[in-house]
Amino acid sequence: MSDAMVATRAVEERGTAQQVDVAVVGAGFAGLYLLHRLRKAGFSTVALEEAGDVGGTWYWNRYPGARCDIQTIDYSYTFDPGLETAWTWSEKYATQPEILRYLGFVADRYDLRRDIRFKTKVTEARWDETAERWLITTDNGEAVSCRHYIMATGCLSAPKPPEIDGVKDFKGEVYFTGRWPHGGVNLAGKRVAVIGTGSSAIQSIPLIAEQAAHLTVFQRTPNFALPAHNGPAPSERMSLLQSDRAAYREQARQSMAGVPYPQQMAVSWQLSDAERRARFEEAWGKGDLVYILTQLWADQAVDVEGNKLICDLIREKISAAVKDPETAAALMPHDHPFGAKRPCLDTNYYATYNRPNVTLVNLRQEPIKAISTGGIATGKRSFDIDVIVFATGFDAMTGAIRAVHPITGRGGKSLTDVWAQGPQTYLGLTVAGFPNFFMITGPGSPSVLSNMAVSIEQHVDWVVDRLAALRDAGFTTMEPTETAQAGWNRHMADCSMLTLHRLANTWYTGANVPGKVQGLMPYTGGVGPYRSICDEVVSRGMLGFKLSGPDGAAQCNDGEVVRLQPDVRLVLNLLTSLNLPPIESMGALGAREFVNEFNKGRPAGRPIGDIVDGTLPVTGGALPYRVYKPAAPGPHPVVVYFHGGGWVLGDEQSDEPFCRDMVRRTGMMFVSVGYRHAPEHRFPTAAEDGYAATRWIAEHAEEFGGSPGPVLVAGWSAGGNVAAVTCQLARDRGGPEIAGQLLICPVTDCTFDRPSYNDNATGYFLTRSLMYWFWDLYCSPADRTDPRVSPLRGKVAGLPPAFVVTCEFDPLRDEGVAYAEAMSAAGVPVQQLRAHGHFHSSFTMVDVVITAVPGRVQMAEALRRFAGLPPEVRRDESGHGQASPGHRIAAAAS
């Protein structure tokens with residue numbers, strides 16, 4: 001028996017441990033709701049709280065100006081309509097004292113204090129594998145023995161200590177915004193230093209400046225701050241809430257941020273400068289953080305250029321508010337996109353720097369050298385100081401969990417050791433190897449990127465419902481599997497590609513804590529999508545969890561809950577919710593009309609150079625084409641592009657967003673060809689049209705402004721088939737010379753028995769039955785082995801170098817891989833991109849599938865390499881050159 005077991009048994013045998021079903025750490029928003037739900041579910045419970053009363057972060061953070069930055073009608077409990085009507089907020093953004101009174105009101109209304117042990121800090125928690133219980137020891141009173149252990153410690157509750165030499169030598173007063181004295185602080189007539197310009201500093205600096213004889217602000221990194229315009233709750237928001245409270249709250253739960261705003265549809269490049277400024281001024285005037293973060297234009301959080309427009313507008317506001325140009329410049333952020341670091345709401349923050357008793361010290365130019373007994377010295381000067389206020393932030397997300405006590409799970413594993421390289425969780429709720437251990441808004445959940453009140457309620461409801469179901473099913477333990485946890489970490493990494501958060505060094509990534517392993521800790525996929533994933537875990541039989549009970553009872557439904565890329569999942573959810581009839585049921589003409597109407601609603605893409613339409617001659621007719629030219633002067637290498645659509649659908653304009661995107665990334669000219677379609681023109685028309693068009697374009701390239709010499713070919717889906725066939729025909733028919741081929745999810749064979757055809761037969765838009773329909777319209781069974789329709793059946797040696805893209809969830813995946821491998825075996829230089837988590841349409845859905853951007857970057861690099869150009873390719877630092885989630889993603893969030 002281990003030492004931990006011996007200690008646990010000894011405590012229990014002496015009868016000194018308080019026996020409960022569930023122990024909760026924390027009595028803030030999360031802890032109070034947990035007590036209420038657990039009691040209603042019939043669990044005996046105790047909450048352990050270090051503070052002297054309820055409130056959590058609102059108990060400790062009492063610095064001047066402390067208030068919430070989400071409107072309080074949204075930053076409230078919603079579980080009881082009676083509670084909502086029993087409490088009325090006095091302001092749009094309530095102050096700390098009012099929020100603390102609210103939480104006290106809730107504790108009294110539901111008689112929660114009787115289950116809370118105040119002024120009690122947990123010092124250790126150990127899992128007893130034999131008893132299947134947690135033993136919790138504290139610094140005040142008896143230990144606690146519990147079946148389930150829940151951390152409700154908050155994301156921003158572990159203050160980060162200062163990292164400056166000489167702090168202990170300072171003889172004046174020292175305060176921390178995160179642990180402000182409850183009796184207040186008298187700063188009148190004193191020389192005050194505030195170190196830091198995060199949220200607490202931005203809220204407190206204007207009020208401190210009004211009291212202090214002189215205030216010196218030491219700023220290392222400026223932050224974006226927006227005016228709160230505080231006052232009564234806005235009438236339009238109150239009207240929405242009161243007209244249908246249930247609908248308002250449900251919209252919040254299914255939204256991306258936990259506040260019921262719709263997904264913005266317009267993208268930045270579709271708007272004029274005047275339109276963008278008008279939208280910005282409206283948002284600036286509202287004083288609503290969530291509004292300005294989500295409602296300006298659809299690409300503001302995912303695209304560097306769309307985001308820079310907002311940054312520039314805010315900098316203009318700073319310049320107008322701060323009279324001294326040098327001070328204004330120092331207050332302007334340039335090191336992170338807007339929203340990548342938590343923006344702040346302020347009241348007169350920038351105007352405060354116009355006061356004669358306020359000095360800003362730019363630590364980028366003159367770092368603090370040391371703190372002495374009577375002041376602060378930088379590399380350039382010294383300041384006599386009476387009071388230092390550290391507004392240096394928190395060890396966010398993981399700090400409160402790891403700092404409260406050692407947590408030891410199964411097999412003596414320490415949570416600190418398990419998280420040594422960053423937090424590993426399943427759903428942000430559980431950790432493999434730690435049975436019956438739960439976190440509310442832990443790392444790996446939306447938490448700080450959401451309205452915390454909404455996320456807390458969802459987490460608490462999910463956990464308590466799972467504990468009740470576990471009990472009712474006769475099981476006693478629950479923990480995630482390593483497979484599920486690894487899959488969630490992979491999904492977290494995929495989600496990090498969606499936004500610009502990863503481009504900033506912030507407390508979201510742990511960059512503010514020296515030595516902390518950096519990684520984006522909150523879930524960036526949105527509140528509504530996250531909720532649906534948690535629900536899916538349950539509906540799929542507790543996917544990713546091991547359950548055990550008496551007499552060897554066990555259940556383990558192992559697996560990954562999300563394998564798709566997050567934006568792909570949203571798109572597919574939307575398509576499912578539309579209940580569209582199968583495309584093949586529409587007939588060829590109906591299907592074409594449907595696709596054309598769908599494409600009309602898509603942004604065409606960012607501006608490029610000229611776009612020229614024309615026709616080219618082929619045997620028996622003429623083909624339309626569209627030339628997409630770079631903005632830079634030519635001549636440019638020419639890429640002949642063939643659109644997708646199963647040889648039945650689409651035209652020279654249907655893949656316009658993709659063509660524009662590739663033109664911008666490559667600096668090359670794309671000529672998209674509208675080859676003739678089945679069933680009017682069956683095989684081999686599309687193949688022969690593709691070859692004829694390529695020959696004609698190569699012969700006339702200079703007339704388009706193209707470079708003389710070899711052309712390149714590219715195509716998606718059936719267009720990938722046409723491109724591959726064109727390369728074989730050009731080899732066999734004496735030209736034209738083709739420098740390289742880009743094949744995106746190509747059709748290469750007529751065999752339907754490969755695993756990808758069966759594994760992805762339904763559910764991913766391009767279905768097996770749709771492919772059967774395409775084949776039947778285009779080609780008779782007798783002709784399907786012809787290399788002009790099944791290029792895998794042809795000779796693959798002597799072809800131009802290729803870049804072949806396949807997607808994990810695509811019926812055509814395996815034949816694309818087979819074609820790439822066959823070419824490689826025949827000596828053709830081939831590079832493959834096997835796109836994890838993507839489906840057949842990912843790379844051409846430029847306006848919605850943001851996670852496909854790195855793949856398009858690789859495609860552009862390959863095309864430049866084939867053309868003999870330098871490897872530099874146009875890419876934004878985010879990798880999000882042309883990306884707009886559009887309104888469709890919001891509709892799929894649930």
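This passage walks through the overall build of the protein chain and then some of its sheets, a hairpin and a helix.

The structure is a predicted model, in which local features need pLDDT of at least 70 and side-chain atom pairs count only at pLDDT 80 or more, while totals for chains, interfaces and linings use all residues. Residues are numbered from 1 along each chain as its sequence is written, and side-chain values use heavy atoms, with hydrogens and water left out.

The protein chain holds 29 helices and 29 strands (DSSP runs numbered from the N terminus: helices are H or I of at least four residues, strands are E of at least two). Its radius of gyration is 31 Å, close to the 29 Å that the globule rule gives for 894 residues, so the chain is as compact as a globular protein of that length. Here the radius is taken over C-alpha atoms, and the rule is 2.2 Å times the number of residues to the power 0.38. The C-alpha trace spans about 90 × 75 × 55 Å along its principal axes. Of the 894 residues, 61% count as buried (under 20% relative accessible area, with exposed meaning over 50% and partly exposed in between, for a 1.4 Å probe and protein chains only). Among contacts (heavy atoms within 4.5 Å) with a separation of 6 or more, residues 24 or more positions apart account for 75%.

Turning to the sheets, an open one of 5 strands has the order 7-16-8-9-12 with parallel pairing; strands pair if DSSP finds at least two bridges between them. Its edges are strand 7 (173-176) and strand 12 (358-362), each of which pairs on one side only. Neighbouring strands of this sheet are turned by 20° against each other on average, direction ignored. Within the sheet, strand 8 (residues 191-195) and strand 9 (residues 214-219) are joined in the parallel sense by 5 bridges, and Ala-193 has Thr-216 of strand 9 as its bridge partner.

Another open sheet has 3 strands in the order 19-20-21, paired antiparallel. Strand 19 (477-480) and strand 21 (554-556) stand at its edges with a single partner strand each, so one side of each is left without a neighbour in the sheet. The twist averages 10° from one strand to the next. Strand 19 is joined to strand 20 (residues 545-548) by 4 bridges, and Met-478 stands opposite Leu-547 in strand 20. Helix 16 (residues 452-472) lies across strands 19 and 20, running at about 130° to strand 19. Such angles run from 0 to 180 degrees between N-to-C directions, with axes fitted to C-alpha atoms, for helices over the stretch in contact.

A hairpin links strand 13 to strand 14 through 3 residues. Strand 13 (residues 368-371) and strand 14 (residues 375-378) pair antiparallel over 3 bridges, with Ala-377 in strand 14 as the bridge partner of Ala-370.

The buried residues include Pro-566, Asp-567, Arg-569 and Leu-575. Helix 19 (residues 566-577) should span 16 Å at 1.5 Å a residue, and its end C-alpha atoms are 17 Å apart, which agrees; the expected span is 1.5 Å times one less than the number of residues. Asn-579, with a positive phi near 50°, follows helix 19.
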